[in-house]
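The sequence and the model are shown first, and the description follows.

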Amino acid sequence: GESVGLHLPTLSVQEGDNSIINCAYSNSASDYFIWYKQESGKGPQFIIDIRSNMDKRQGQRVTVLLNKTVKHLSLQIAATQPGDSAVYFCAETHRGGSQGNLIFGKGTKLSVKP
Amino acid sequence: DTGVSQNPRHKITKRGQNVTFRCDPISEHNRLYWYRQTLGQGPEFLTYFQNEAQLEKSRLLSDRFSAERPKGSFSTLEIQRTEQGDSAMYLCASSLRTGGNEKLFFGSGTQLSVL
């Protein structure tokens with residue numbers, strides 16, 4: 001069946017270090033992936049997305065890598081800051097770019113130590 | 001603040017009661033989504049609208065749940081005869097679907113506790 005999951009439920013990093021959050025998916029038909037950040041008491045906030053015809057996409061301090069061979073997605077955050085502390089979710093869909101019915105993973109909690 | 005407003009922020013109810021939540025999306029957005037999130041889990045899709053038309057409902061959605069978007073603007077989600085298992089955060093999101101990739105903007109949710 002379809003599933004999106006995360007390797008690590010929690011991640012603790014020192015301020016200024018780089019963070020890597022991983023995600024595995026099982027639906028080979030998935031063609032669009034999104035990373036969301038969710039702070040306490042708030043809804044998920046879009047960070048970055050990538051389509052299945054790409055391997056890498058960069059944003060401001062964030063990079064998403066997609067390995068379709070092993071169905072693996074990662075989010076890299078450069079120079080992690082205290083404001084990056086949150087739960088991070090990967091999500092996938094297979095509707096050619098429409099977010100429509102997103103399937104979310106369980107989330108990784110990122111804690112940044114000052 | 002994403003511009004998506006949800007009310008109330010918190011709702012406590014007794015089992016068997018009906019509850020209704022409201023979502024006001026970003027004004028120019030034509031799509032509106034409802035998701036449910038339980039503690040420690042990612043959001044789970046419930047249903048979505050394009051303008052006033054409800055285009056998809058999750059197969060997991062009980063018939064006690066109903067959603068409306070009568071004028072293609074705000075939406076309501078009603079849960080009838082609430083059960084303790086309905087306790088969760090109910091999230092609304094909106095987007096402007098014009099082609100290409102679509103970005104969802106989520107509200108802060110309504111936290112439902114069923115006693």
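## Strands of the two chains

Chain B contains zero helices and eleven strands; helices (H or I, at least four residues) and strands (E, at least two) are DSSP runs, numbered from the N terminus. The order of elements along the sequence of chain B is β-β-β-β-β-β-β-β-β-β-β. Chain A likewise has zero helices and eleven strands, and its pattern along the sequence reads β-β-β-β-β-β-β-β-β-β-β.

This is a predicted model, in which local features need pLDDT of at least 70 and side-chain atom pairs count only at pLDDT 80 or more, while totals for chains, interfaces and linings use all residues; side-chain values use heavy atoms, with hydrogens and water left out. Residues are numbered from 1 along each chain as its sequence is written, and chains are lettered from A and ligands numbered from 1 in the order in which they are written.

## Dimensions and surface

The C-alpha trace of chain B spans about 40 × 25 × 25 Å along its principal axes. A compact globule of 115 residues would have a radius of gyration near 13 Å, and the 13 Å of chain B agrees with this. The radius is taken over C-alpha atoms, and the globule rule is 2.2 Å times the number of residues to the power 0.38.

The accessible surface of chain B comes to about 5,900 Å², with 45% belonging to carbon and sulfur atoms. For chain A the accessible surface is about 5,300 Å², and 47% of it belongs to carbon and sulfur atoms. These areas come from the Shrake-Rupley method with a 1.4 Å probe; for residues, only the protein chains shown count as cover. Chain B carries 15 positive and 12 negative side chains, and the centres of the two sets lie 3 Å apart. Lys and Arg count as positive and Asp and Glu as negative, while His and the chain ends are not counted; the place of a charge is NZ of Lys, CZ of Arg, CG of Asp or CD of Glu.

## Burial, contacts and cores

Of the 115 residues in chain B, 46% are buried, where buried means under 20% relative accessible area, exposed over 50%, and partly exposed in between (1.4 Å probe, protein chains only). In chain A, buried residues make up 46% of the 114 residues. Among contacts (heavy atoms within 4.5 Å) in chain B between residues at least 6 apart in sequence, 54% join residues at least 24 apart. In chain A, 55% of the contacts with a separation of 6 or more are between residues 24 or more positions apart.

In soluble globular proteins, nonpolar side chains tend to be buried together. A nonpolar core is a set of buried Ala, Val, Leu, Ile, Met, Phe, Trp, Tyr and Cys residues joined through side-chain atoms within 4.5 Å. The largest such core has 20 residues, of which A:Trp35, A:Leu73, A:Leu75, A:Tyr88 and A:Leu110 touch the most other members. Among the strands of chain A that each supply at least two residues of this core are strand E4 (32-38), strand E8 (72-77), strand E9 (86-93) and strand E11 (108-113). A second, separate core of 19 residues includes B:Cys23, B:Phe49, B:Leu61 and B:Ile79.

## Backbone features

Most residues other than glycine have a negative phi, and most peptide bonds are trans. The peptide bond from B:Asn7 to B:Pro8 is cis, with omega near -10 degrees. B:Pro8 lies in the loop between strand E1 (5-7) and strand E2 (10-13) of chain B.

A:Lys71 is not a glycine, yet has a positive phi of about 55 degrees. This residue sits in the loop between E7 and E8 of chain A and is partly exposed, at 26% relative accessibility. B:Asn51, also not a glycine, has a positive phi of about 55 degrees. B:Asn51 belongs to the loop between strand E5 (44-50) and E6 of chain B and, at 35% relative accessibility, counts as partly exposed.

## Selected residues of chain B

B:Thr82 is placed in the loop between strand E8 (75-79) and strand E9 (88-95) and counts as buried, at 1% relative accessibility. Not counting residues up to four places away in sequence, B:Thr82 touches several residues, including B:Arg15, B:Gln17, B:Arg64 and B:Val114.

B:Ser58, in the loop between strand E6 (53-57) and strand E7 (65-68), is buried with a relative accessible area of 16%. Leaving aside neighbours within four places in sequence, B:Ser58 is in contact with B:Phe45 and B:Leu46. B:His10, by contrast, is found in strand E2 and counts as exposed, at 60% relative accessibility.
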